[in-house]
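Me: I'm new to this one and would like a quick tour. Could you put it up and let me ask a few things?

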Amino acid sequence: SVRIGVLTSGGDAPGMNAAVRAVVRAGITAGVEVYGIYEGWQGAVDGGRFIRPMSWEDVSGIMIQGGTVIGTARCAAFRTPEGRRTAVLNLILAGIDRLVVIGGDGSLTGTDVLRDEWPDHIDALVAWGQITAQDAAEHPTLRVAGLVGSIDNDMVGTDMTIGTDSALHRITEAIDAIASTAASHQRSFVVEVMGRHCGYLALMSAIAGGADYAFIPERPPAADWHEHMATVLRRARNAGRRSSIVVVAEGAADREGNPITADAVRKVLADEMGEDARVTILGHVQRGGVPSAYDRWMASMVGCAAVDEVLYGDREPQVIGVRANRPHAMSLLEAVKDTKAVATSIAEGRYEEAMAARGHSFVQ
Ligand code: F6P
């Protein structure tokens, strides 16, 4: 019988549960078995109780929960060929040769490496007597589909990644809360948000929260940013604003590559502008909590599409993202390669190129 494995890997993201639920139920509806691989790739490496069948009821009520109920990990063993071979062995022993992997670019890269190595690992496992020739004949290749679960919205080829919208809501609520206390005291606040190399959360939350200024990796300011920020903030104060809010992406830097930290910004506000300034680092609050409606339906939609892909897709492995609110498939290899190229372009100062390559046009 056909068996699909589903796992979540890397940093958790709200909406991952909706994707898992969709995979399980779409799989059952299509007449196949779906196995949960618990604790991310670590579960595939550990095998046994970490790989279990999932029923329709097993995924009841999980959609409204944050995080991922099947667990996730950033798995070191999976980065070694030996670890991946063990994962192949455990998958074969469970009769699984189709996978839906929900994770960020690192997890999806690892998935593609495993898929590529699969036939070689099978040969080795047969040679060592760990699986039978019949096992090998029944599972000659691995069929995979990737879903991008990450609050960062940093993947090339999809308008949104699962979790981004929920995180954006959480950040916006936090900025709203900060705005009221800031205005009461006529204070300035620096809010640091997550996003790794991607400024999507910072920029969108700055706009949605009505912030005064934002620092994002894709638009690094010149070394004289102090003056520019001061001018913009003073203008707002002179126009009657009772507070100033500056959003800093965790990956922000100036054009010379010097990091712009929340504390560095606070110092400028306090020492150079004489403001009563505070820092709030939102941290993992941004990643936890209930998924937004968008993340629930979007993850459900791509989850169903991923099942179709691993059952009926007759092409190289795909990532299923969204374009104009519809599922959008792209080559896993290309998506991962282009996403790496964006990070390199940003690191090397080729910002326009990075933004054009990323594909969603949030910085114009
Ligand atoms: O990729 C998601 C993310 O939350 C990033 O925004 C952040 O840089 C990173 O993960 C934090 O990782 P960890 O949870 O392992 O500290």
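This is a predicted model: local features need pLDDT of at least 70, side-chain atom pairs count only at pLDDT 80 or more; totals for chains, interfaces and linings use all residues.

Me: Is A324 buried or exposed?
Reply: The cut-off for exposed is over 50% relative accessible area. A324 comes in at 65%, so A324 counts as exposed.

Me: N153 has a positive phi too. Where is N153, and is it buried or exposed?
Reply: The phi of N153 is near 55 degrees, and N153 isn't a glycine either. You'll find N153 in the loop between β5 and α6 (164-185). Buried means under 20% relative accessible area. N153 has 0%, so N153 is buried.

Me: Now the strands. Why is β4 described as largely enclosed by the rest of the structure?
Reply: Strand β4 covers residues 98-103. R98, V100 and I102 point one way, while L99, V101 and G103 point the other way, and all are buried. β4 is largely enclosed because the number of its residues that are buried is 6 of the 6.

Me: Which strands pair with β4, and in what sense?
Reply: Strand β1 (residues 3-8) pairs with β4 over 5 bridges, and there L7 stands opposite V101. Strand β5 (residues 143-148) pairs with β4 over 6 bridges, with G103 opposite V148.

Me: What is the strand order in the open sheet of 4 strands?
Reply: The edge strands are β7 (213-215) and β9 (277-281), each pairing on one side only. β9 runs parallel to β6 (residues 188-193), joined by 5 bridges, and T280 in β9 is the bridge partner of V191. The pairing in the sheet is parallel, and the order is β7-β8-β6-β9.

Me: Which helices pack on that sheet?
Reply: One of them covers residues 200-208 and touches β6, β7 and β8 (244-249), with its direction at about 165 degrees to that of β8. Another covers residues 225-238 and touches β6, β7 and β8, with its direction at about 155 degrees to that of β7. They are α7 and α8.

Me: There's a ligand as well. Which residues surround the ligand?
Reply: You can begin with D152, where an N or O atom of the side chain is 2.7 Å from a ligand oxygen. The ligand is surrounded by R74, I151, D152, M194, G195, R196, E250, H284 and R287.

Me: How much of the ligand does the protein bury?
Reply: A polar side-chain atom of E250 lies 2.5 Å from an oxygen atom of the ligand, and one of H284 lies 2.7 Å from a ligand oxygen. Taken alone, the ligand exposes 400 Å², and the share of that buried by the protein is 74%.

Terms used:
Residues are numbered from 1 along each chain as its sequence is written. Side-chain values use heavy atoms; hydrogens and water are left out. Buried means under 20% relative accessible area, exposed over 50%, partly exposed in between (1.4 Å probe, protein chains only). Helices (H or I, at least four residues) and strands (E, at least two) are DSSP runs, numbered from the N terminus. Two strands pair if DSSP finds at least two bridges between them. Contact means heavy atoms within 4.5 Å. Axes are lines fitted to C-alpha atoms, for helices over the stretch in contact, and angles run from 0 to 180 degrees between N-to-C directions. A residue is near a molecule or strand if one of its heavy atoms lies within 4 Å of it. A polar contact is a pair of N or O atoms within 3.5 Å; within protein, one must be able to donate a hydrogen and the other to accept it, and residues adjacent in sequence count only if both atoms are side-chain atoms. Accessible areas come from the Shrake-Rupley method with a 1.4 Å probe; for residues, only the protein chains shown count as cover.
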